[in-house]
Amino acid sequence: MAYKPVGLALGALSGLIAGAAFKQAWKLVEGEGDAPDATDEDRAWKEILLAAAIQGAIFAVVKASVERSGAVTIRRLTGTWPG
């Protein structure tokens, strides 16, 4: 119960971290410019799907890392595993 607010805050933090990491990763892949949106008419399917795959992978890894770190910290502080 006490972990819920912490989990929500960690979720928001992980979104910010993942967004910044994706922007940097896309710069490495594409060089310049923003990542395409699914509705960008001038972008190819290949580019849109590649961006979506990279973004999904980054978000999943960052979310899992932040949540796991939060759970480990709560266990160290309280002696019990959240969840």
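This is a predicted model: local features need pLDDT of at least 70, side-chain atom pairs count only at pLDDT 80 or more; totals for chains, interfaces and linings use all residues.
I noted the spacing, because an α-helix has 3.6 residues a turn, so residues three or four places apart point the same way.

**Helix 1, length.** I compared the span of helix 1 with what its residue count predicts. Its 28 residues should span 40 Å at 1.5 Å a residue, and the end C-alpha atoms are 39 Å apart, so the two agree. Just after helix 1, I found G31 with a positive phi of about 90°.

**Nonpolar core.** I listed the largest nonpolar core, which has ten residues: L10, A18, F22, A25, W26, A51, I54, I58, V62 and V66. Helix 1 (3-30) and helix 2 (45-78) each supply at least two residues of this core.

**W26.** I looked up the contacts of W26, leaving out neighbours within four places in sequence. W26 is in contact with G31, G33, D34, A35 and P36, and also with E47, L50, A51 and I54.

**E47.** Is E47 buried or exposed? E47 lies in helix 2. Its relative accessible area is 18%, which is under the 20% cut-off, so E47 counts as buried. I next checked its side chain, which makes a polar contact with the side chain of R43 at 2.9 Å. Not counting residues up to four places away in sequence, E47 touches W26, E30 and P36.

Notes:
Residues are numbered from 1 along each chain as its sequence is written. Side-chain values use heavy atoms; hydrogens and water are left out. A nonpolar core is a set of buried Ala, Val, Leu, Ile, Met, Phe, Trp, Tyr and Cys residues joined through side-chain atoms within 4.5 Å. Buried means under 20% relative accessible area, exposed over 50%, partly exposed in between (1.4 Å probe, protein chains only). Helices (H or I, at least four residues) and strands (E, at least two) are DSSP runs, numbered from the N terminus. Contact means heavy atoms within 4.5 Å. The expected span of a helix is 1.5 Å times one less than its number of residues. A polar contact is a pair of N or O atoms within 3.5 Å; within protein, one must be able to donate a hydrogen and the other to accept it, and residues adjacent in sequence count only if both atoms are side-chain atoms.
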